[in-house]
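We will go stop by stop.

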Amino acid sequence: MASSPLADQVAELLDKTGPLAVVQAGDPVLRQRAAPYDGQFGDDLLARLILRMRETMEGIKGAVGLAAPQVGLPLGLAVLATPEALADRLIQAGQQPVPFTVLVNPSYRAVGRGRVGSYEGCLSVSGWQAVVARPDRIRLTRQDETGRHLVEEYAGIGARIVQHETDHLSGTLYLDSAELRSFSTTEQVVRRWGAAGPAAAAEQLGFSLP
Ligand code: CO
């Protein structure tokens, strides 16, 4: 197979061992529209990239998703999962844990008009969180790692993670639609709004929720 610049970039990235470096806001790769994956490199390289992205995500406490641009690749690929350690807490909060999922060339549309505001963070905006109002139910169109086309509905935390990761692939960060007055360090969110939730934050910081 003739090698593409993207394939060379992936091979170079995978040459180094250990977790992949996560780029931070300000890097233009986070603002590019990612190229769809259309077989620019072979299944073997794709599988190895997905594995390394998974290991990188799982190695970061609290991480629920990682998109290829966050490791410097302008490519339509993301991985997501809620950590095992969070499963019980999610179920207690009425949420469905999300199994490990690979998004290849994803896109989504809102289902219905329901919107919900919740604190959200991003590995590329390290140390900070803000409230984003998003559709609470979406229809996701994606391919999986084998190229199979799938259409699925997501609600709750799954819908939020899928939207956040898919947005990365069009050069969008959660900050672009965040309530700026909600902007808080992760430490403040945990200390003040972890149990009280976004409604208390909205009242005390002065922003609105849907
Ligand atoms: Co992110």
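Leaving aside its neighbours within four places in sequence, which residues is Glu120 in contact with? Select Glu120 and look around. The contacts are Trp128, Gln129, Ala130, Val132, Arg134, Arg160, His164 and Tyr174. Keep in mind that you are looking at a predicted model.

**Stop 1: Glu120**

Glu120 sits in strand S4. Glu120 counts as buried, because its relative accessibility is 5% and the cut-off for buried is under 20%. Now show the side chain of Arg160. The side chains of Glu120 and Arg160 make a polar contact at 2.6 Å. His164 is also one of the contacts of Glu120. Follow His164 to the next stop.

**Stop 2: the cobalt ion**

Select the cobalt ion. Which residues coordinate the cobalt ion? They are Cys122, through SG, and His164 and His168, each through NE2. The distances run from 2.1 to 2.3 Å. Along the chain, the donors follow the spacing C-x41-H-x3-H. Cys122 is in the loop between strand S4 (115-121) and strand S5 (128-135), while His164 is in helix H4 (residues 156-168), so this pair ties together parts that are 42 residues apart in sequence.

Are Cys122 and His164 buried or exposed? Cys122 is buried, at 8% relative accessibility. His164 is buried too, with a relative accessible area of 7%.

**Stop 3: the largest pocket**

Switch to a surface view. How much space lies in the largest pocket? The volume is about 1,600 Å³. Its lining has 45 residues. Select Gly62, Leu86, Tyr119, Gln129 and Ile157, which lie nearest the centre of the pocket. Next, colour helix H3 (87-92), S4, S5, H4 and H5: these are the elements that give two or more residues to the lining. Which element gives the most? H4 does, with 9 residues.

**Stop 4: strand S2**

Go to strand S2, residues 77-80. In a regular strand, side chains alternate between the two faces of the sheet. Here, Leu77 and Val79 are on one side, and Ala78 and Leu80 are on the other. All four are buried, and both faces of S2 are covered.

Now bring in the strands that pair with S2. Strand S1 (residues 65-67) is joined to S2 by 3 bridges, and the two run antiparallel. S2 also pairs with strand S3 (residues 101-110) in the antiparallel sense, over 4 bridges. Select Leu80. Leu80 is the bridge partner of Gly65, and Leu80 stands opposite Thr101 in S3.

**Stop 5: Thr101**

Stay with Thr101, in strand S3. Is Thr101 buried or exposed? Thr101 counts as buried, at 7% relative accessibility. The side chain of Thr101 reaches the backbone oxygen of Pro99 at 2.9 Å. Not counting residues up to four places away in sequence, Thr101 touches Ala78, Val79, Leu80, Arg142 and Tyr154.

**Stop 6: Pro83**

Move on to Pro83, in the loop between S2 and H3. Pro83 is partly exposed, with a relative accessible area of 24%. Leaving aside neighbours within four places in sequence, Pro83 is in contact with Ala63 and Val64.

**Stop 7: Phe183**

Select Phe183, in strand S8 (residues 178-185). Phe183 is partly exposed, with a relative accessible area of 35%. Which residues does Phe183 touch, not counting residues up to four places away in sequence? They are Trp128, Gln129, Ala130, Tyr174 and Leu175. Then find Gly39. Phe183 and Gly39 are 144 residues apart in sequence and 39 Å apart in space, C-alpha to C-alpha.

**Stop 8: helix H6**

Finish at helix H6, residues 198-205. Ala200, Ala201 and Ala202 are buried there. What covers the buried residues of H6? The cover includes S4 and helix H5 (186-193). Last, select Gly206, which follows H6 and has a positive phi, near 85 degrees.

Methods
Residues are numbered from 1 along each chain as its sequence is written. This is a predicted model: local features need pLDDT of at least 70, side-chain atom pairs count only at pLDDT 80 or more; totals for chains, interfaces and linings use all residues. Side-chain values use heavy atoms; hydrogens and water are left out. Donors are N, O and S atoms within 2.8 Å of the metal (3.2 Å for Na, K and Ca); water is not among the atoms, so sites may look incomplete. Buried means under 20% relative accessible area, exposed over 50%, partly exposed in between (1.4 Å probe, protein chains only). Contact means heavy atoms within 4.5 Å. Two strands pair if DSSP finds at least two bridges between them. A polar contact is a pair of N or O atoms within 3.5 Å; within protein, one must be able to donate a hydrogen and the other to accept it, and residues adjacent in sequence count only if both atoms are side-chain atoms. On a 1 Å grid over the protein atoms alone, a cavity is a set of points where a 1.4 Å probe fits but cannot get out, and a pocket is an open set with protein on both sides within 12 Å along at least five of seven lines; lining residues have an atom within 4 Å of a point. Grid points are joined across faces, edges and corners, and a volume is the space filled by probe spheres set on the points.
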